[in-house]
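Subject: A structure for you to look at

Hi there,

Here is the structure I promised you, with its sequence. Have a look at it first, and then read on for what turned up.

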Amino acid sequence: MWRLSVAPMMGWTDRHCRYFHRLLTRHTLLYTEMVTTGALIHGNAAQHLFFNDEEHPVALQLGGSEPADLAVCAKLGQDRGYDEINLNCGCPSERVLRGAFGACLMGEAALVRDCVKAMVDVVDVPVTVKHRIGIDKVESYDFVRDFVGTVAEGGCQVFLVHARNAWLKGLSPKENREIPPLRYELAYRLKQDFPGLTISVNGGITTDDQIATHLEHVDGAMIGREAYHNPWLMAGWDERFYGDASRPVPTREAVELAMIDYMERAHAEDGVNWYSIASHMLGLRHGLHGARKWRQVWSDHRLKPLPPREVWAMAQAHVGAPRDETPFEPSVSTH
């Protein structure tokens, strides 16, 4: 299940984004944005946990550090139907530092082990951990090796390794995604030292060839920002990486039309405006003629009152290629 996945990204990988990604790939594992235990226990859990059934396989990422609270939230996630519960041990933002979770938990491996065990004891779906290779200037392989070894004692069998250190002081979250150097070889060594565990590597992956190279060393590759900004990258993954050629790669216009159907459905069911959905598909025509003007139409807040099909017609005026009206049968239902 972890051969390919799209990383949890705050503000980006909401249910509308995941629905869009599922139109491009049947098999790739999709992750939610991080949801804190406090939001689920003290807030509107049903709203935070809602997802479209078509999104499977889909994993819930939790943020927290209290074993009992995480157990409650893991059970809520399983009951809602998520295929996996993931614990965030990689986010370096000040918000998670104040909440005593995220990357700072890498310094408390025994606590993470206890958190994992508490969740494993109450759910049947896999409990996984996403983490960095180190924190601050601790760059020794021994640190991440011991972290993984300790956490595995709690029942975690799957580790999603962002192959950079997290600098907890002095860098913004954006800088933490770019400045600490990538050291994929540490993720590779984890697989060598823990052959019975599933190891997926994350960080800086932008091409299919890079994915293929990583899969020679580890069990999976997790793609983040590139999947969001250049989503068409995913269109060929089912055939290349899963050996599934049962569905031809759809055209971009076919995917766009399927999203129009989804916008209409979301508005009818939940009153969602198409504008908040369209923001996730702005990379669909990345690199193509007319893409910039096409994006401008779909991101024009002045068009919010219009029905999405009217906006689509306006956007199509800037698309250089002839329209392809071939019916599209997406991997998800639009009903």
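Before the first result, one term: a pocket here is an open set of grid points where a 1.4 Å probe fits, with protein on both sides within 12 Å along at least five of seven lines. Please keep in mind that this is a predicted model.

The largest pocket has a volume of about 680 Å³. It is lined by 30 residues, and those closest to its centre are Pro-8, Met-9, Met-10, His-162 and Arg-177. The elements that each give two or more residues to this lining are β2 (29-36), α5 (94-98), β5 (127-135), β6 (158-166) and α11 (225-229). Sorted by class, the lining of the largest pocket holds 12 nonpolar, 10 polar and eight charged residues.

The second largest pocket comes to about 350 Å³. Among its 16 lining residues, Asp-14, Glu-33, Val-35, Gln-47 and His-48 are the closest to the centre. Two or more residues each come from α1 (15-24), β2 and α3 (45-49), and β2 gives the most, with five. This lining divides into six nonpolar, five polar and five charged residues.

Now turn to helix α16 (residues 308-316), where Pro-308, Val-311, Trp-312, Ala-315 and Gln-316 are buried. Why do they lie on the same side of α16? Because they cover an arc of only 140° around the axis. As a general rule, an α-helix has 3.6 residues a turn, so residues three or four places apart point the same way. The buried residues of α16 pack against α13 (252-270), α14 (274-278) and α15 (291-298).

Enjoy exploring!

Technical notes. Residues numbered from 1 in each chain as written. Predicted model: local features only at pLDDT ≥ 70, side-chain atom pairs only at ≥ 80, totals over all residues. Heavy atoms only, no water. Buried < 20%, exposed > 50% of the residue type's maximum accessible area, 1.4 Å probe, protein only. Helix = DSSP H or I, 4+ residues; strand = E, 2+ residues; numbered from the N terminus. Arc of directions from axis to C-beta. Contact = heavy atoms within 4.5 Å. 1 Å grid on protein atoms, 1.4 Å probe; cavity = no way out; pocket = protein on both sides within 12 Å on 5 of 7 lines; lining within 4 Å. Points joined across faces, edges and corners; volume = space filled by probe spheres on them. Nonpolar A, V, L, I, M, F, W, Y, C, P; charged D, E, K, R; others polar.
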